[in-house]
Amino acid sequence: SVMLHLLEQLVESTRLVEEDFQRWFLLTSTDTTDGQSALLGPSSELTMENVSMLGSMRLEDSVERSPHVPFFSVEDDANSDSSDVSFVSATMELPDDIDGAGSSSAMDPLNDASETHGNISFYRTALQLVKKGVVPCRSLRTDMLHCITDSDFLAKLHCVRQAFDEIFASVTTRDWLVDAGNRLMSAFLEAAGKDSKDFSDKYIEMTNFVSKTPSQEMLDELKERRVVYFGFYDIVLDFALMDAFVDLENPPSTITSILANRWLTWGFKETALSTAVWSVLKAKRSMLPSQTGFLSHFYSTMGVLSPVLAWGFLGPDDDLRKHCYHFKDEVLGLIRDVFSFKAVRYSSLESLTEDILQLTKQRHQQLLHHLQSMKKT
């Protein structure tokens with residue numbers, strides 16, 4: 001009958017979307033030199049027979065088939081945000097008269113910045129280090145963070161890393177930031193109508209682990225994900241958040257088509273999406289060299305958030321999508337401000353540290369207020 005035929009098509013579409021979803025996340029975040037996304041994580045006890053089996057099988061199959069190119073490929077063009085280039089190529093952009101001794105027009109952006117924003121001596125010192133090729137990074141975020149060139153991004157990155165190190169050197173400030181992260185993400189989950197207790201418990205376990213574990217030990221573990229510096233920007237902002245935002249901007253068409261299918265209930269779509277996310281991360285986590293290391297704690301924590309983020313950005317719930325994008329805009333807005341001469345002072349480490357902390361507190365309060373006002377009952 002017609003109804004039977006429609007049901008058969010539905011079952012086949014569901015199977016395909018689960019497979020494509022797994023391949024998408026596995027191959028955009030595989031354990032290779034392309035790095036690994038932090039979006040996915042084990043989140044629930046939801047199971048589907050074919051998803052459970054595919055979760056452990058697809059990973060090795062995907063890596064073997066294409067270790068460096070995503071299955072849903074994004075062309076490696078001039079977009080430096082997704083390219084795999086390092087700090088070495090950026091040094092080619094710097095003019096010889098970096099300190100302003102010459103009259104080359106290539107110096108105009110730097111001169112303009114100095115004339116408009118005053119003293120930027122801290123930034124100028126960092127540019128010299130970039131020219132020497134000693135400022136590494138895992139991902140060039142030049143376009144995403146509205147920097148002028150890759151060298152501009154790397155110089156600011158060097159300054160920002162030092163500023164965050166200063167911020168976290170203060171026990172009082174560090175405790176506030178840890179608590180602020182817990183409150184903010186708990187509010188995000190509650191605004192989505194979810195219980196935040198599981199997240200909060202795992203978050204506290206992770207932060208306790210970090211406080212008791214040598215930084216070098218965790219950095220050694222993260223080097224396989226191309227993290228080159230153990231700091232707030234590199235791990236939280238770059239590895240965890242911006243990687244996730246990039247992944248969610250390019251979902252496979254099979255995912256978007258089934259989520260837009262008006263014949264499926266919202267509950268079925270959310271369950272299928274959550275199960276696919278959970279099964280993939282379960283497989284990835286099982287392949288970690290250490291089941292008690294930083295990444296294991298990290299995935300456990302992010303695993304509670306991942307299905308909600310995926311459903312919020314990709315699903316049909318308009319209210320949830322709005323506050324997901326508001327969350328993304330606020331986070332990116334903060335990072336862009338941190339990398340902007342207009343919002344912070346690059347005159348010294350002390351001034352930059354002060355401005356970043358003030359901006360962080362302002363953005364946190366604004367976003368927390370927004371999320372709490374949207375809390376579902």
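Here are some questions and answers on a predicted model.

User: Where does serine 200 sit, and is it buried or exposed?
Analyst: Since this is a predicted model, take the values as computed ones. Serine 200 belongs to helix α8, which covers residues 197–212. Its relative accessible area is 17%, and the cut-off for buried is under 20%. So serine 200 comes out as buried.

User: Which side chain makes a polar contact with the side chain of serine 200?
Analyst: Setting aside neighbours within four places in sequence, serine 200 is in contact with Asn182 and Ser186. As for the polar contact, the side chains of serine 200 and asparagine 182 are joined at 3.1 Å. That makes the partner asparagine 182.

User: How many aromatic pairs are there, and what is the geometry of tyrosine 123 with phenylalanine 341?
Analyst: The count comes to 15 aromatic pairs. One of them is tyrosine 123 with phenylalanine 341, at 4.8 Å centre to centre and 85° between the planes. Planes over 60 degrees apart count as edge-to-face, so this pair is edge-to-face.

User: How many residues apart are tyrosine 123 and phenylalanine 341?
Analyst: Tyrosine 123 is in helix α5 (residues 121–132), while phenylalanine 341 is in the loop between α14 and α15. Tyrosine 123 is buried at 4% relative accessibility, and phenylalanine 341 is buried too, at 13%. The pair links distant parts of the chain, 218 residues apart.

User: What lies over the face of phenylalanine 341?
Analyst: Here we're looking for a charge over the ring. The distance from the ring centre is 4.3 Å, and the cut-off is within 6 Å. The residue over the face of phenylalanine 341 is lysine 156.

User: How far apart in space are serine 351 and phenylalanine 122?
Analyst: Serine 351 is in helix α15 and counts as buried at 6% relative accessibility. In sequence, serine 351 and phenylalanine 122 are 229 residues apart. In space, C-alpha to C-alpha, they're 9.7 Å apart.

Notes. Residues numbered from 1 in each chain as written. Predicted model: local features only at pLDDT ≥ 70, side-chain atom pairs only at ≥ 80, totals over all residues. Heavy atoms only, no water. Helix = DSSP H or I, 4+ residues; strand = E, 2+ residues; numbered from the N terminus. Buried < 20%, exposed > 50% of the residue type's maximum accessible area, 1.4 Å probe, protein only. Polar contact = N/O pair within 3.5 Å; in protein donor to acceptor, adjacent residues only side chain to side chain. Contact = heavy atoms within 4.5 Å. Phe/Tyr/Trp six-rings, centres within 6.5 Å; stacked < 30°, edge-to-face > 60°. Lys NZ or Arg CZ within 6 Å of the ring centre and 35° of its normal.
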